Amino acid sequence: MGLAIAVVLLLLCIVSVVLFSGHYWWFPPLVSTYKDYDKQFMLTLIIVGIVFVLAQLALGYFVWRYRDRGNNKAKYIEGNNTFEVIWTSLTFVVFIGLGILGQRVWAQLHFDQPPANAMEVEVTGQQFQWNIRYPGPDGKFGRTEAKYVDESALNFVGIDPTDPAGKDDITTINRLVVPVNQPVKVLLHSKDVTHSFFVPWFRIKQDAVPGMTITIHFTATKTGEYEIPCAELCGLGHYKMRGILDVVTPGEFQQWLQKQASQQ
Ligand SMILES: [Cu+2]
């Protein structure tokens, strides 16, 4: 029996290592400049992977070594304080160390300022769509207020019609178009409940919280269409809340922007 359990443990261990190292179900390819996320993830995975394999092998060995031979007598032991101190300290150092390394990567998205040439775009979550707004040629977003929200007139974010800065604002629903290799600063809002702006290809995930403006920034490195699922269970229609992040060349972006402007 002891041998059978040891073999099962060994097999589980091999299957886990093969599945994780083979990348069969893995992240989508990275298309932003946030490559440190993947490095940090791999570092954590390798360290805990080694510990996992060693622990499983040790467990298997002891299960086999101290298997029931029919004449064993249970012995009371006090434990070993030296071992307790060593593995508790090691675990502490590994967890805190990875946490400290990881927060630097996390802070790139959340605390670092976007580059000065970053293009601004506003993303407002609502049940169940992403409202996208560009400031237009004047580079300024028009004032918004809840009382101006008029969904029948497609004024989803409540742009004040009396504010000249809002006249040239360009709005779209569920389609965020950005030029490739251009830093983009996103001002995240929510109109109703907490949503989450998630672009797995970009390694970006940030909650949109009512009453707050949360800023994130990114630079896309490859043209293409990428999904923006809402990653926060935000109501009955949550399953259909998805936008598209369309990364295009700068020329295509200008054309698209002009076309949108003429249609507003
Ligand atoms: Cu949502």
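**Entry 1: G224**

I looked up which residues G224 touches beyond its neighbours within four places in sequence. G224 is in contact with L245, D246 and V247. I took contact as heavy atoms within 4.5 Å. The model is a predicted one: local features need pLDDT of at least 70, side-chain atom pairs count only at pLDDT 80 or more, and totals for chains, interfaces and linings use all residues. Residues are numbered from 1 along each chain as its sequence is written, and side-chain values use heavy atoms, with hydrogens and water left out.

G224 sits in strand β9. Helices and strands here are DSSP runs, numbered from the N terminus: H or I over at least four residues for helices, E over at least two for strands. I find G224 partly exposed, because its relative accessibility is 23%. On this scale buried is under 20% relative accessible area, exposed is over 50%, and partly exposed lies in between (1.4 Å probe, protein chains only). I also checked G224 against P210, 14 residues away along the chain. Their C-alpha atoms are 30 Å apart.

**Entry 2: L245**

Next I took L245, one of the contacts of G224. L245 belongs to strand β10. Is L245 buried or exposed? It counts as buried, because its relative accessibility is 0%. Neighbours within four places aside, I list its contacts as L176, V178, V199, F202, F218, G224, E225, Y226 and I228. L245 and A220 are separated by 25 residues in sequence and by 9.9 Å from C-alpha to C-alpha.

**Entry 3: the sheet with β10**

I then traced the sheet around β10. It is an open sheet of three strands, ordered β4-β10-β9, and its pairing is mixed. Two strands pair if DSSP finds at least two bridges between them. On average, neighbouring strands here are turned by 25° against each other, direction ignored. For angles, axes are lines fitted to C-alpha atoms, for helices over the stretch in contact, and values run from 0 to 180 degrees between N-to-C directions.

β4 and β10 (residues 242–248) run parallel, joined by five bridges. V178 faces V247 of β10. Helix α4 (residues 250–263) packs on this sheet and touches β4 and β10. The direction of α4 makes about 135° with that of β4.

β1 (residues 119–126) and β2 run antiparallel and share five bridges. They form a hairpin with two residues between them. Within this pair, V123 has I132 of β2 as its bridge partner. On to the next pair: four bridges join β2 to β3 (residues 170–173), again antiparallel. There R133 stands opposite T171 of β3.

How many residues of β2 (residues 129–134) are buried? I count six of six. In a regular strand, side chains alternate between the two faces of the sheet. On one side of β2 I note Q129, N131 and R133, and on the other W130, I132 and Y134, all buried.

**Entry 4: the copper ion**

Which protein atoms are the donors of the copper ion? I get H195 (ND1), C230 (SG), C234 (SG) and M241 (SD), at 2.1 to 2.5 Å from the ion. Donors are N, O and S atoms within 2.8 Å of the metal (3.2 Å for Na, K and Ca); water is not among the atoms, so sites may look incomplete. The donor spacing in sequence reads H-x34-C-x3-C-x6-M.

I checked the geometry. Angles among the four donor atoms run from 92 to 122°, and the site is tetrahedral. The test for four donors is that all angles lie between 85 and 135 degrees.

**Entry 5: cysteines**

C230 counts as buried because its relative accessible area is 6%. C234 is buried as well, at 4%. A search of the whole structure for disulfides (pairs of cysteine sulfur atoms within 2.5 Å) returned zero.

Notes
Tetrahedral: all angles 85-135°; square planar, octahedral: opposite > 155°, others 65-115°.
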